[in-house]
Amino acid sequence: MIVVRYADDAIVGFEHRHEAEQFLADLKARLARFGLNLHPDKTRLIEFGRHAIANRRARGLGKPETFDFLGFKHYCGTRRDDSGFVLGRKPMAKRMRTKLREIKEQLMATRHDGIDGQGKWLAQVLRGWMAYYAVPMSGSAISAFRHHMIERWHGALMRRSQRRRLTWTRMKTIADRYLPFPRILHPWPEKRFLVTIQGGSPVR
């Protein structure tokens, strides 16, 4: 059994389905004793983990379900050489849309400011986004976020004046001058929690 909890949200994992079903029934019963209940739209049992892909394929089912937690969509993935299971994580689409909408609004409000100021602000926003979301398996999502950020910057600059059109090629050159390129900043989960033995004592 494994439990990951943050505030009032939690993920509980079991090796066997019957254990998960029993835990869920017991949890509902215990909460009911205090007049509480689980959120019906956020509480569900899903088949997930190391054997989920193969097991569902053997039963003629599709890909394992995904779940959202702490701003990430978690999904079952495989290594590039198809050698085994990996936990896939990428930013939730809703979070990306919300952040991009905020960026667009700020850019439109400051579209008459200098490009240098806008570029430095966007670079700060992108670095902050990557500091949280640039985990293994999220590279394509981070690249997409940067691309959509540039699109919104381009749109804001195009609204400043119709006297001179700003081509996309020129926009890319400007963006590359200010915005960092996507790169993974965090290790794989198994490396983060790797236990090594030094002098007979476990060090985390």
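The model is predicted, so please read every value below as one computed from it.

Let us begin with the overall picture. The protein contains 7 helices and 7 strands, and along the sequence these elements follow the order β-β-α-α-β-β-β-α-α-α-α-α-β-β. Its C-alpha trace spans about 70 × 50 × 40 Å along the principal axes. Buried residues account for 28% of the 204 residues. Among contacts with a separation of 6 or more, 52% join residues 24 or more positions apart.

Now to the helices, with α3 as our guide. Two packed helices are described by the angle between their axes and the distance between the axes. Helix α3 (residues 93–109) and helix α5 (residues 139–158) have axes that come within 9 Å and cross at roughly 25 degrees. Angles under 35 degrees count as roughly parallel, and α3 and α5 are therefore roughly parallel to each other. The crossing of α3 past α5 is right-handed. On the α3 side, the contact is made by Met-96, Lys-99, Leu-100, Ile-103, Lys-104, Leu-107 and Met-108; α5 contributes Ala-141, Phe-145, His-148, Met-149, Arg-152, Trp-153 and Ala-156. Sorted by class, the contact of α3 with α5 has 10 nonpolar, 1 polar and 3 charged residues.

Helix α3 also meets helix α4 (residues 115–133), and here the axes come within 12 Å and cross at roughly 165 degrees. Since angles over 145 degrees count as roughly antiparallel, α3 and α4 are therefore roughly antiparallel to each other. Their crossing is right-handed. From α3, the residues making the contact are Arg-95, Met-96, Lys-99, Ile-103, Gln-106 and Leu-107, and from α4 they are Gln-118, Trp-121, Leu-122, Val-125, Trp-129 and Tyr-133. By class, the contact of α3 with α4 comprises 8 nonpolar, 2 polar and 2 charged residues.

Arg-89 sits in strand β5 (residues 85–91). Its relative accessibility is 16%, so Arg-89 counts as buried, the cut-off being under 20%. Leaving aside neighbours within four places in sequence, Arg-89 is in contact with Phe-72, Lys-73, His-74 and Tyr-75, with Val-135, Pro-136, Met-137 and Ser-138, and with Pro-187 and Pro-189. Arg-56 belongs to helix α2 (residues 52–58). With a relative accessible area of 14%, Arg-56 is buried as well. Not counting residues up to four places away in sequence, Arg-56 touches Glu-47, Leu-61, Gly-62, Lys-63 and Pro-64.

Ala-7 lies in the loop between β1 (2–6) and β2 (9–13), and its phi is near 55 degrees, a positive value in a residue other than glycine. The relative accessible area of Ala-7 is 48%, which makes this residue partly exposed. Leu-70 occupies the loop between β3 (67–69) and β4 (72–78). Leu-70 is not a glycine either, yet has a positive phi of about 55 degrees. At 35% relative accessibility, Leu-70 counts as partly exposed.

Conventions:
Residues numbered from 1 in each chain as written. Predicted model: local features only at pLDDT ≥ 70, side-chain atom pairs only at ≥ 80, totals over all residues. Heavy atoms only, no water. Axes fitted to C-alpha atoms, helices over the stretch in contact; angles between N-to-C directions. Helix = DSSP H or I, 4+ residues; strand = E, 2+ residues; numbered from the N terminus. Parallel < 35°, antiparallel > 145°, perpendicular 65-115°, else oblique. Left-handed = near helix turned anticlockwise from the far one by under 90°. Contact = heavy atoms within 4.5 Å. Nonpolar A, V, L, I, M, F, W, Y, C, P; charged D, E, K, R; others polar. Buried < 20%, exposed > 50% of the residue type's maximum accessible area, 1.4 Å probe, protein only.
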